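The exercises below are to be worked with the sequence and the coordinates at hand. Each task is followed by a solution in steps.

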Amino acid sequence: RKRKKRKMKKTQLLKDEATALVRDWALPHVCRRLTLANFLLVLGCALVELQIVFVSRDLRTLSACALGLVATLRPLRWAGPLISALPSKLFEYLDSPVPLILGVASLPADFVQGADMVLVIVDEDRVRLPP
């Protein structure tokens with residue numbers, strides 16, 4: 001019984017440490033790209049489970065934004081899909097009806113923003129809320 005309890009505590013510590021490491025790597029990068037007001041706006045959108053799409057040509061920026069946002073939600077957990085860099089072959093995920101966080105290098109030419117979708121154009125520090 002004590003072993004099981006100790007193992008659970010150790011597992012929780014590892015999860016907390018991993019989250020802290022992601023936060024320490026991602027948040028400084030995100031803060032260089034987005035203003036605090038825009039990041040807090042996106043965080044609020046995540047809390048009400050809207051679809052969040054980060055757009056940036058830089059893969060490191062996409063990963064930092066997606067992972068940093070999820071790490072900032074702690075102690076809450078993001079239950080939806082998290083795809084830090086969506087390949088262009090899978091753009092149909094943009095039409096998904098579930099809350100998600102994903103990053104794309106560019107949007108398709110025929111893209112229309114969904115009613116529950118927040119677009120974060122990271123390179124321009126711009127947030128487009130749902131229509």
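Helices (H or I, at least four residues) and strands (E, at least two) are DSSP runs, numbered from the N terminus. The model is predicted: local features need pLDDT of at least 70, side-chain atom pairs count only at pLDDT 80 or more, and totals for chains, interfaces and linings use all residues. Residues are numbered from 1 along each chain as its sequence is written, and side-chain values use heavy atoms, with hydrogens and water left out.

**Exercise 1. Overall make-up**

Task: State how many helices and strands the protein has and in which order the elements run.

Solution. Step 1: the count gives 3 helices and 5 strands. Step 2: read from the N terminus, the order is α-α-β-α-β-β-β-β. Step 3: of the 131 residues, 37% are buried, where buried means under 20% relative accessible area, exposed over 50%, and partly exposed in between (1.4 Å probe, protein chains only). Step 4: take contacts (heavy atoms within 4.5 Å). Among those with a separation of 6 or more, 59% join residues 24 or more positions apart.

**Exercise 2. Helix H3**

Task: Find the span of H3 and decide which of its residues are buried.

Solution. Step 1: H3 covers residues 59-72, 14 residues in total. Step 2: the expected span of a helix is 1.5 Å times one less than its number of residues. The distance from the first C-alpha of H3 to the last is 20 Å, close to the expected 20 Å. Step 3: the buried residues are Thr 61, Leu 62, Ser 63, Ala 64, Cys 65, Ala 66, Gly 68, Leu 69, Val 70 and Ala 71. Step 4: because 10 of the 14 residues of H3 are buried, the helix is largely enclosed by the rest of the structure.

**Exercise 3. Backbone exceptions**

Task: Locate the cis peptide bond and two residues with positive phi that are not glycine.

Solution. Step 1: recall that most residues other than glycine have a negative phi, and most peptide bonds are trans. Step 2: the bond from Arg 74 to Pro 75 is cis, with omega near 15 degrees, and Pro 75 sits in the loop between H3 and strand E2 (82-83). Step 3: Glu 49 has a phi of about 60 degrees. Its loop joins helix H2 (36-47) to strand E1 (51-55), and a relative accessibility of 49% makes Glu 49 partly exposed. Step 4: Asp 125 has a phi of about 50 degrees. Asp 125 is placed between strand E4 (117-121) and strand E5 (126-128) and is partly exposed at 23%.

**Exercise 4. Polar contacts of Gln 113**

Task: Which backbone oxygens lie 3.1 Å from a polar atom of the Gln 113 side chain?

Solution. Step 1: Gln 113 is in the loop between strand E3 (101-104) and E4, and at 14% relative accessibility it counts as buried. Step 2: the backbone oxygen of Arg 128 lies at 3.1 Å from a polar atom of the Gln 113 side chain. Step 3: the backbone oxygen of Leu 129 is also 3.1 Å from a polar atom of that side chain. Step 4: residues in contact with Gln 113, leaving aside neighbours within four places, include Val 118, Leu 119, Pro 130 and Pro 131.

Methods:
A polar contact is a pair of N or O atoms within 3.5 Å; within protein, one must be able to donate a hydrogen and the other to accept it, and residues adjacent in sequence count only if both atoms are side-chain atoms.
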